[in-house]
Amino acid sequence: MASYPGGGLAPDADRWVPCKPGFFLSVRVLSRLFRRRFIEELQSAHRAGQLQFFGEYIDLADADTFADWLMPLRECEWVVYAKRPFAGPEQVLAYLSRYTHRVAISNSRLVALDDRGVTFRWKDYREHGRTRYKTMTLHTEEFMRRFLLHVLPSGFHRIRHYGLLANANRKTNIATARELLHQPAPDIAAEPSAVHDSTGSVRPTFVCRHCGAPMIIIKTFARAPHIRGPPCLPGSP
């Protein structure tokens, strides 16, 4: 999933350039970009010997034959499914927030693990009421296969920022965009250690939850090492 702002900064960053009314993105440019990247990765996999062909497609193992087979794919137009969010940008952010720092399934949904497999709860969105929540049991291998489908390959990121939100200039770009759009900066709460009370003294960072008195750190313990097995006695196997 990708989201885009309704405009951008001019090259000299002196004005905000809004997009045309009703414009989302150039689907033609995006489709051709996807086509090129997909075919390039397919060729790389073929050169690395990661593709296998059987039966009537055994001839595609040859590099020249495979290149000829890819040629028509470079000419046809690819279809990229792109649409506006139905409920607006707030719904998109709410959807993304459920996946940025979560795994495929939480521990609370796991019901049992036995000889039959893994039993877990799932939600049937086609039904309503109490029957919407059901349980499913899968063999351990099938459960792990489905779980690993949600694990990104090495080098991939769940959310990648670019443009205005690129890590290198994000703070400056957002401040410039707010200034050009006459939008006030959001209020940022101060750190607990930097909050002062009415008398001007610094409030304590750690406070007892029962009596409200400030807590003083006496000693900090390092993380305990992993539990090791007992040492082998002389002469033991």
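Start by selecting M144, L148 and V151: together they make a nonpolar surface patch with about 260 Å² of accessible area. Patch members each have over 30% relative accessible area and no salt bridge, and nonpolar side chains (Val, Leu, Ile, Met, Phe, Trp, Tyr) are joined within 5 Å. A salt bridge would be a side-chain nitrogen of Lys or Arg within 4 Å of a carboxyl oxygen of Asp or Glu, and areas are Shrake-Rupley values with a 1.4 Å probe, counting only the protein chains shown as cover.

Before you go on: this is a predicted model, where local features need pLDDT of at least 70, side-chain atom pairs count only at pLDDT 80 or more, and totals for chains, interfaces and linings use all residues. Residues are numbered from 1 along each chain as its sequence is written, and side-chain values use heavy atoms, leaving out hydrogens and water.

Now color helix α4, residues 140–148, to see where L148 sits. Helices (H or I, at least four residues) and strands (E, at least two) are DSSP runs, numbered from the N terminus.

Next, hop to α5 (170–180) and show N173, T176 and A177, its buried residues (under 20% relative accessible area; exposed is over 50%). Look down the axis: they fall within an arc of 100°, so they line one face of the helix. The arc is taken from directions between the helix axis and the C-beta atoms.

Last, pick β3 (110–114) and β4 (117–123), antiparallel and joined by four bridges; two strands pair if DSSP finds at least two bridges between them. They form a hairpin with two residues between them, and L110 has F120 as its bridge partner.

Definitions and conventions:
Patch = residues over 30% accessible without salt bridge, like charges linked within 9 Å, V, L, I, M, F, W, Y side chains within 5 Å. Buried < 20%, exposed > 50% of the residue type's maximum accessible area, 1.4 Å probe, protein only.
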